[in-house]
Amino acid sequence: MSSPQQQALLDACEHYFHVFFVQRDAAGAAALATDDITGFGTGADESVYDIDFALHLYQRDIEAMPNPVHYTLKRRKAIVLGETLGLVMGECDWHLTIHQQAVTMHNVRFTLLMRLTASGWKVEHKHLSQPSLAHGDDEPYPLKQLEARAVVLERLVKQRTHELENAHRQLHQVAITDPLTGLFNRIKTDEVLEEELLRQTRTPMPLSLILIDIDHFKRINDDYGHRKGDEVLVDIARLFQQRKRITDCLSRWGGEEFLMICPDTPHRDALALADSLRKLIASHAFSVEHQVTFSAGVASYRAEDGRDSLIERADRAMYAAKRAGRNRVVGDNISPLDP
């Protein structure tokens with residue numbers, strides 16, 4: 001029979017699983033962890049060393065799989081390590097539906113190190129893993145019968161992990177892609193921008209952003225409906241993809257906004273690229289009677305810049321283009337390019 005402390009640990013574990021897997025609440029799951037949370041998940045990049053990255057992984061997971069993930073607990077054990085420290089370990093199966101296909105991840109082992117705080121037990125370290133099927137009974141390393149093991153492993157790779165590998169690839173693609181346009185989403189764009197800013201600390205090179213907002217897009221939705229508005233966004237994304245350079249990172253920044261990260265691109269060249277895109281869109285025959293145009297702001301990296309300041313300057317320049325009459329490009333340090 002469990003002691004009151006052991007039962008409290010089991011209840012806290014169950015609540016944590018329910019909030020994350022069933023309710024799909026990233027902030028709620030993060031609130032059930034300490035600020036010092038660490039841990040490892042089943043994904044190759046899922047190594048957590050702080051609460052911010054834990055929240056990022058929660059949000060990424062839920063964006064890729066917004067529906068409830070049902071789970072079956074097979075066994076659990078709570079161990080009291082001290083007055084404010086406890087451990088819960090066990091195994092469970094995850095039941096997912098990915099692209100209308102049922103997927104079950106069997107025998108996921110979990111370990112939760114939990115700390116008692118003023119607001120209850122919280123997760124301080126989490127570890128998830130799936131057991132290797134290459135080991136025999138009483139065999140800590142797959143050393144015996146190597147030839148037979150190679151056959152087993154080949155069959156397992158082909159028959160048992162193929163579906164999960166596809167599912168993980170699909171989940172990764174979903175996590176970084178805007179589902180409407182097929183462009184990168186904001187999560188992936190943030191990653192690329194952070195990498196480019198880090199590169200500036202090693203090898204400073206020109207770096208520019210182009211922030212684009214479709215003019216009067218609400219009128220298109222109001223006059224023709226949201227489906228037609230989506231068609232316009234998809235066409236714009238396709239035209240941008242055809243014109244962008246291979247080194248540029250193009251994303252749907254949100255709604256009717258697009259962001260292009262242009263490495264090794266001085267301000268003047270970024271303005272010229274943005275204006276060529278503007279002319280391309282303004283001259284294209286879309287499936288609506290309204291002429292489709294955009295306003296764009298261009299900002300280029302300065303030595304004191306961080307992510308937020310660079311994006312903020314591009315945003316201010318874009319709104320300056322709006323105020324100047326729309327259908328134009330404005331740089332963060334020169335006069336607007338009129339149509």
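The structure is a predicted model, in which local features need pLDDT of at least 70 and side-chain atom pairs count only at pLDDT 80 or more, whereas totals for chains, interfaces and linings use all residues. Residues are numbered from 1 along each chain as its sequence is written, and side-chain values use heavy atoms, with hydrogens and water left out.

**View 1. The protein chain as a whole.** The protein chain contains 10 helices and 11 strands; helices (H or I, at least four residues) and strands (E, at least two) are DSSP runs, numbered from the N terminus. Of its 339 residues, 42% count as buried, where buried means under 20% relative accessible area, exposed over 50%, and partly exposed in between (1.4 Å probe, protein chains only). Among the contacts (heavy atoms within 4.5 Å) with a separation of 6 or more, 61% join residues 24 or more positions apart.

**View 2. The largest nonpolar core.** This core has 39 residues, and Tyr-58 and Trp-94 have the most contacts inside it. A nonpolar core is a set of buried Ala, Val, Leu, Ile, Met, Phe, Trp, Tyr and Cys residues joined through side-chain atoms within 4.5 Å. Two or more residues come from each of α1 (4-22), α2 (26-31), β1 (33-40), α3 (51-64), β3 (70-80), β4 (85-98), β5 (101-117) and β6 (120-129). The greatest contribution is that of α1, with 9 residues. Apart from neighbours within four places in sequence, the residues in contact with Trp-94 include Phe-21, Thr-42, Val-69, Tyr-71, Met-105 and Leu-128. A second, separate core comprises 30 residues, among them Ile-210, Phe-217, Leu-233 and Ile-281.

View 3. Asp-93 belongs to strand β4 and counts as buried at 8% relative accessibility. Asn-107 is situated in strand β5 and is partly exposed at 27%. Which side chain makes a polar contact with the side chain of Asp-93? The partner is Lys-74, at 3.2 Å; a polar contact is a pair of N or O atoms within 3.5 Å, where within protein one must be able to donate a hydrogen and the other to accept it, and residues adjacent in sequence count only if both atoms are side-chain atoms. The side chain of Lys-74 also makes a polar contact with the side chain of Asn-107 (2.5 Å). The backbone nitrogen of Asn-107, in turn, lies 2.7 Å from a polar atom of the Asp-93 side chain. Residues up to four places away in sequence not being counted, Asp-93 touches His-70, Tyr-71, Thr-72, Lys-74, Thr-104, Met-105, His-106 and Asn-107. Between Asn-107 and Thr-72, 35 residues apart in sequence, the C-alpha to C-alpha distance is 9.5 Å.

**View 4. Two helix pairs.** Two packed helices are described by the angle between their axes and the distance between the axes. Axes are lines fitted to C-alpha atoms, for helices over the stretch in contact, and angles run from 0 to 180 degrees between N-to-C directions. Helix α7 (residues 217-224) packs against helix α8 (residues 226-243) at about 135°, with the axes 7 Å apart. The two helices are therefore oblique to each other, since angles under 35 degrees count as roughly parallel, over 145 as roughly antiparallel, 65 to 115 as roughly perpendicular and the rest as oblique. Phe-217, Ile-220, Asn-221 and Tyr-224 of α7 make the contact with His-226, Lys-228, Gly-229, Val-232 and Leu-233 of α8. In the other pair, the axes of α6 (residues 186-202) and α10 (residues 307-323) come within 10 Å and cross at roughly 110°, and these helices are therefore roughly perpendicular. Here Asp-190, Leu-193, Glu-194 and Leu-197 in α6 meet Arg-307, Leu-310 and Ile-311 in α10.

View 5. Asp-275, in helix α9 (residues 267-283), is buried with a relative accessible area of 10%. Its side chain makes a polar contact with the side chain of Arg-278 (2.8 Å). His-216, in the loop between β7 (207-214) and α7, has a positive phi of about 50° although it is not a glycine. This histidine is partly exposed, with a relative accessible area of 35%. Asp-264 also has a positive phi, near 50°, in a residue other than glycine, and is partly exposed at 48% relative accessible area.
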